[in-house]
Amino acid sequence: MHRGIWWTRLAIPAIAALGAALIVLALQPSARATVPEPTAPVTGNATYFDGLGAPYGGCGLPQAELETQNFVALNVFDTPGSGTFYPRPLSSADADKMGIWNNGHNCGRWVRVSISDYCTGTNDGALGQPFCRNGAFTADAYNGGTLDMIVADSCGDSNAWCRDDKYHLDLSKDSLNKFVKNGAPMTDLYPNHWNNRHVSWQFIPAPTYSGDIKIGFLSGAQRYWPAIAVSKLPNGVHGVEYFANGAWTAAPMNSDMGQSFIIGGLTSGGTDFRIRVRDASDALLFGGREYSFSLPAACSSQCSAAYTQATYTTTSTSTSPSASTSASASVSPSASRSTSTSPSASRSASSSPATSGGCTAAVTTTGSWSGGGQAEVKVTNTGTAPTSGWTVRFTLPAGVTIASSWNAAVTVSGSSVTATNASYNGNIAANGSTSWGLVFNGPNFGITPLSCSAR
C-alpha cells in the first residue's frame, strides 16, 4: 500500500493579534529531540504526501520558495504505539516524546535518500503493528536509487509511520520518480513499484552550495511583529540573532516552524534590521556574517503576501558583537559579497598565515559536524597598492574533500586545490582583506601551508 497525507496550515497573522509579549513566550521552543541524530545512513519506512499546506509548510516557507521541490517531512512525535497529540512546540516536560523533527531545529537541512526494499505484505500504518505484515521487505531493481532532498515539513499524524518509526521519512509525491540510479532517473517507481518502501538516509550539507542565504518577511509581518523566514542555507538553521540596543539577542522561533523567527529592529518599532544566523552545528554562519535589511515598501503597514523577499547588504565581522564593520556592496540573496576594504579583526586560525606575492591566506574552521564541517579562508593584501586579483593554493589532507564553496572559484586536482577570486572580491585595498568559504567532508580541515599570490 502507499499513503498520501493532506493538511492545512493556519495563517500566521492570527498570532500577531496576541501581542508581542505573549508571542515571545508562546513561540520559544524549550526542548530538544531525544531521538539520536544519524551520523551514518539509517533505515526507515517511507510514505509520501502531496505537498505543503498553505500558506506555509511546517518549516515556515511557501512551497514555491523552497530551494528544491524534492522535499521531505520528519516525525514530530516519538510515541511508539500511541497516537496522542501534544501541544507544539513540545515543552521540556514532553521532551521524551519529541521526534527527529526536533521542534523544527532540523528544518532546512538536506538529506540524501536511497531507495531500499519494498513490502510484499500489508503496510497500513496501524499503531503497534509490524510495518510489513503477512509479507516481507524484498529487494528489487529499484534498490539503490538516490535523491538529495530538503526538510520542509513535519509529520505529526496519529499513525505508526509518524509515531512508531524514529527514522520514518515522508517524501513529496512528485519526487518519487526523480530518484536516480546509475545516472538515469527511475521514472516508473511510482505508482506501480512503490509499495511503501524502506529507505536509508542521512543528513548532508547542501549539495553544490553557492551564493548566500535568502531572507523574506511572512504574511502579517510589520514593524511590531517582524516575522521572517531564512532559507537557502548551507547546513540548516538552529537560530537567528538580531542586533538591538547595542547587543545581539536570540530571536524566538515562530512556533516550531524552524526557518521562521520573530526578530527585532535596530530601534524599538524600527523598520531596519541586522541579523546573523547559526547553522545546524550551532556555529555562526560564514564566520558571523551580518545581514542588514529593511522592511520592504510592500509591507509598509504589514505584509499581505505569504512571502516578501528582502534585499540585504552584508558586513564583515569582528570578535566584538557590537563592533562597527564596513558594509559590502548591496547584494541579492543569490550572490554573497563580503569584501572588507579595511583590515578585519584577527581571529584564531587553524593554520599559520602563509606569505607570497603580496598577500597572505589563513584558514579557520567555523563549524563542524559528524563527517564534515565548514571553513573560512581569509585573504589579506600585505602590499602597498590595491590588488586586482588573488590566488590561494593548498593541499587537502588525506580523507578530506570539498563539498561546496562560495566567494571564490575553486578547482581541485587530486589533493591540490586552487582558489581564485570571484568577479567582485579581487580588488582588495592595501592592508585590507576579504574571505571565502567552503564546506568539507572528512575528519578535519587542518590544512597547512597555504600559499597566496596577488595580481
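This is a predicted model: local features need pLDDT of at least 70, side-chain atom pairs count only at pLDDT 80 or more; totals for chains, interfaces and linings use all residues.

Biologist: How many disulfides does the structure hold?

Modeller: The structure holds five disulfides.

Biologist: And what pattern do the disulfides follow along the chain?

Modeller: With bonded cysteines counted along the chain, the pattern is 1-2, 3-4, 5-6, 7-8, 9-10.

Biologist: Let us take one of them. Which residue is joined to Cys59?

Modeller: Cys59 is joined to Cys107, with an S to S distance of 2.1 Å. The angle about the S-S bond is -90°, and the link of Cys59 and Cys107 is left-handed.

Biologist: Where in the chain do Cys59 and Cys107 sit?

Modeller: Cys59 lies in the loop between strand 1 (42-49) and strand 2 (71-75), whereas Cys107 lies in the loop between strand 2 and strand 3 (110-115). The two are 48 residues apart, and the pair links distant parts of the chain.

Biologist: Are Cys59 and Cys107 buried or exposed?

Modeller: Both Cys59 and Cys107 are buried.

Biologist: Turning to Cys299, what is its partner?

Modeller: Cys299 forms a disulfide with Cys303, and their sulfur atoms are 2.1 Å apart. This link of Cys299 and Cys303 is right-handed, with 110° about the S-S bond.

Biologist: Why is Cys299 classed as buried?

Modeller: Cys299 is buried because its relative accessible area is 0%, and buried means under 20%. Cys303 has a relative accessible area of 1%, so Cys303 is buried too.

Biologist: What about Cys155; which residue does a disulfide join it to?

Modeller: A disulfide joins Cys155 to Cys162, with 1.7 Å from S to S. Both Cys155 and Cys162 are buried.

Technical notes. Residues are numbered from 1 along each chain as its sequence is written. Side-chain values use heavy atoms; hydrogens and water are left out. A disulfide is a pair of cysteine sulfur atoms within 2.5 Å. Helices (H or I, at least four residues) and strands (E, at least two) are DSSP runs, numbered from the N terminus. Buried means under 20% relative accessible area, exposed over 50%, partly exposed in between (1.4 Å probe, protein chains only).
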